[in-house]
Amino acid sequence: MATTTITKTDLPTQPTTLYYYLEPKDGGQIQTYPGTAAEKRRKHVPHHVQVEDMRSIRSQFTLEKTGFELIDHISKEKDFLDEKQITSVYYPEVEELIKKKTGATKVHVVSHMCRRHTTADSKSDAEGKPDTDYVTLNNPARFVHVDQSYRGAEQILYLNMPEEEADRLTKTRWGIINVWQPFGKPVTRDPLALCDYRTVDENDFRTVVANLPPPGAGHYGNVSKNFKSKGKWEYSTNGDEAARYEVANLAYNKDQQFYYADKMTPDEAWLFKIFDSKKDGRARCAVHSSFPLEDQPEQGEARTSVEVRCFVFWEDDDKVE
């Protein structure tokens with residue numbers, strides 16, 4: 001774990017609770033089923049923390065240093081209701097945005113997810129349902145995680161690209177970057193908190209296997225194209241119906257430093273890393289979670305946001321092992 005170099009001048013803080021990994025010996029899980037009633041009832045370990053507002057020093061937070069970056073972006077897409085409109089208008093914007101910010105030679109959008117419901121809404125939808133039933137109301141993810149582990153990043157790559165192309169593109173530097181943007185209104189509840197990579201001890205990562213629903217079964221069923229993958233990715237198929245790959249959850253450590261941007265608007269977005277193959281000391285991922293603001297009621301008007309997941313390739317940059 002590297003020493004942080006963030007220069008602080010009494011940043012505004014938001015007291016909150018973040019939810020961390022529950023160890024198996026205490027009843028935690030090593031496999032999850034996103035989009036199901038069981039996942040909505042999954043238990044975590046709550047810790048009271050202070051999340052700092054980074055707006056006044058936002059220039060100190062970059063993809064390469066901290067793993068995340070707050071940017072200005074005005075999209076032509078406004079309501080995110082039409083799937084074809086999202087893919088034809090917003091996807092190209094995201095691809096160009098990431099290329100411009102990172103110098104990548106190729107960006108491939110994997111999928112997107114829109115969130116329009118509260119945690120209370122989704123928990124209510126899960127009530128009375130068997131664990132295996134799907135919950136259709138999609139809420140902010142309120143637990144500390146990275147969408148894929150380092151190994152899981154390779155698994156999801158081979159699930160979403162032809163094997164020959166993936167083999168070629170992983171010979172040089174590659175990664176996964178997410179773009180997270182509110183739409184329709186400013187964020188007044190459930191903002192996104194991101195952890196400075198330099199304050200993360202990777203010994204605190206906990207591997208969990210995510211078993212996705214079949215394609216078309218709710219939002220999580222569309223995360224992967226589910227291409228047949230190499231045999232060496234033994235966790236990458238869930239029967240013949242759905243994708244399966246590793247994600248990273250996190251155990252609590254007092255040294256972790258989380259940040260957010262107060263009152264984000266639809267003209268702003270987060271860029272944050274899920275994976276970077278480069279091992280030269282730069283940030284390789286951004287641990288993140290939504291969190292409730294102080295005195296935020298569980299019921300209320302939901303935050304509306306879109307998150308786009310992208311494979312990013314630097315074909316002119318050697319991969320450092």
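The largest nonpolar core of this predicted model has 59 residues, and F258, W270, F272 and V287 touch the most other members. Leaving aside residues up to four places away in sequence, W270 touches M54, F68, E69, L70, N178, V179, W180, L192, L194, Y260, A261 and M264. In soluble globular proteins, nonpolar side chains tend to be buried together.

Of its 321 residues, 57% are buried. Among contacts between residues at least 6 apart in sequence, 83% join residues at least 24 apart. The exposed surface comes to about 14100 Å², and carbon and sulfur atoms supply 49% of it.

Aromatic rings form 11 pairs. In one of them, the ring centres of F80 and Y90 are 4.9 Å apart and the planes stand at 85°; because an angle over 60 degrees counts as edge-to-face, the pair is of that kind. F80 lies in the loop between β4 (68–72) and α2 (83–102), while Y90 is in helix α2, so the pair ties together parts 10 residues apart in sequence. F80 has a relative accessible area of 3% and Y90 one of 0%. Both values are under 20%, so F80 and Y90 are buried. Elsewhere, ring pairs link W270 with F61, F68 and Y259 into a cluster.

The charged end of R42 sits over the ring of F143, 5.5 Å from its centre. R284 lies over the face of Y150, at 4.2 Å from the ring centre.

Technical notes
Residues numbered from 1 in each chain as written. Predicted model: local features only at pLDDT ≥ 70, side-chain atom pairs only at ≥ 80, totals over all residues. Heavy atoms only, no water. Buried < 20%, exposed > 50% of the residue type's maximum accessible area, 1.4 Å probe, protein only. Contact = heavy atoms within 4.5 Å. Areas by Shrake-Rupley, 256 points an atom, 1.4 Å probe, with all protein chains shown as cover. Core = buried A, V, L, I, M, F, W, Y, C linked by side-chain atoms within 4.5 Å. Phe/Tyr/Trp six-rings, centres within 6.5 Å; stacked < 30°, edge-to-face > 60°. Helix = DSSP H or I, 4+ residues; strand = E, 2+ residues; numbered from the N terminus. Lys NZ or Arg CZ within 6 Å of the ring centre and 35° of its normal.
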